[in-house]
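These are my notebook entries on one structure. I put down what I looked up, in the order in which I looked.

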Amino acid sequence: TDIPILTIDGPSGAGKGTISRAVAQRLGWHYLDSGALYRAIGVAAGWADEDLADHVALMRLAFNTRIQFVTDAGHEPRVLVDGVDATHELRTETAGAAASAIAAIPEVRAALFEKQRSFRQPPGLVADGRDMGTVVFPEAPYKVFLTASAEERAERRHNQLKQKGLEVTLDGLLREILARDARDAQRAVAPLKPAPDAVLVDTTGVPIDAVVERVLSLLPESL
Ligand code: C5P
């Protein structure tokens, strides 16, 4: 009960992953990448050729799929889905779209609820997602909602993908981001919205280091 939690929610491309990881590292806390769980189930559903209309089958899949985060010092964390290294597949736009589609299914969200809660371990947790502060950890004492303009978010995604050697147009990305935002914000269950007690942090034009400091400044010095 006295394990501190910092939730960092916001739309895709606001910098949640980078910021959350850096803040968790600075604090020496655990890190939950909840989007990776949804991506993993989206990818597993594709592997199993599941019908997206079959909510019961997808719920079973979400309960039964083993998702492991492997961190070797000095390396990018890897994600194993039922023992298979899916790190790269999970980062693709296809996996993001699959995640967004299955994330709208209440049974899938329910199945992932306890999995997410189990990341709450001493000495603390930084939880990154869409509904960390509103649904999964409403009791969290520290909540941030990260935003950035859609144009800047599309540009960041574009640069990330270019570095990985993937060719996509900026226009296409912007359209995908706006479509995904709309779907995430309008869905009936756990829509993307700031918790009433979240602090809004706009990262448009703000360097990563400055955002990390801003987020850390919201926590008491004693942590
Ligand atoms: O954060 P990331 O882009 O990896 O998330 C992929 C998708 O998973 C999001 O577009 C969203 O639909 C879904 N998601 C969610 N709730 C979370 C995290 C992710 O619905 N807590």
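I began with residues 7-219, whose end C-alpha atoms lie 12 Å apart and whose span is 51% helix and 15% strand; helices (H or I, at least four residues) and strands (E, at least two) are DSSP runs, numbered from the N terminus. UniProt lists this span as "domain: Cytidylate kinase" in an unreviewed entry; its positions are given in the numbering used here, feature names are shortened, and annotations may be inferred rather than shown by experiment. I note that this is a predicted model, in which local features need pLDDT of at least 70 and side-chain atom pairs count only at pLDDT 80 or more, while totals for chains, interfaces and linings use all residues. Residues are numbered from 1 along each chain as its sequence is written.

Next I looked up the ligand. I found 14 residues surrounding the ligand, the closest being Gly35, Tyr38, Ser100, Ala103 and Gly129, where a residue is near if its C-beta atom, placed from the backbone, lies within 6 Å. Helix H2 (34-47), helix H5 (93-102) and helix H9 (170-186) are the elements that give two or more residues to this shell, and H2 gives the most, with four residues. I sorted the shell into three nonpolar, six polar and five charged residues, taking Ala, Val, Leu, Ile, Met, Phe, Trp, Tyr, Cys and Pro as nonpolar, Asp, Glu, Lys and Arg as charged, and the others, Gly among them, as polar.

I then turned to the "binding site" annotation of the unreviewed UniProt entry, which covers residues including Gly13 and Thr18. Gly13 lies in the loop between strand E1 (5-9) and helix H1 (16-27), and counts as buried because 25 C-beta neighbours lie inside 10 Å (buried means 20 or more other C-beta atoms within 10 Å, exposed 12 or fewer, partly exposed in between, with C-beta atoms placed from the backbone). Leaving aside neighbours within four places in sequence, Gly13 is in contact (C-beta atoms, placed from the backbone, within 7 Å) with Ala148, Arg153, Ala154, Arg156, Arg157 and Ile177. Thr18 is found in helix H1 and, with 16 C-beta neighbours inside 10 Å, counts as partly exposed.

Last, I checked helix H6. Its buried residues are Val108, Arg109, Ala111, Leu112 and Gln116, and they line one face of the helix, because they fall within an arc of 160 degrees seen down the axis of H6 (the arc is that of the directions from the helix axis to the C-beta atoms). The buried residues of H6 pack against strand E2 (30-33), H2, helix H3 (55-64), H5 and helix H7 (132-136).

Note on methods. Two residues are in contact if their C-beta atoms, placed from the backbone, lie within 7 Å.
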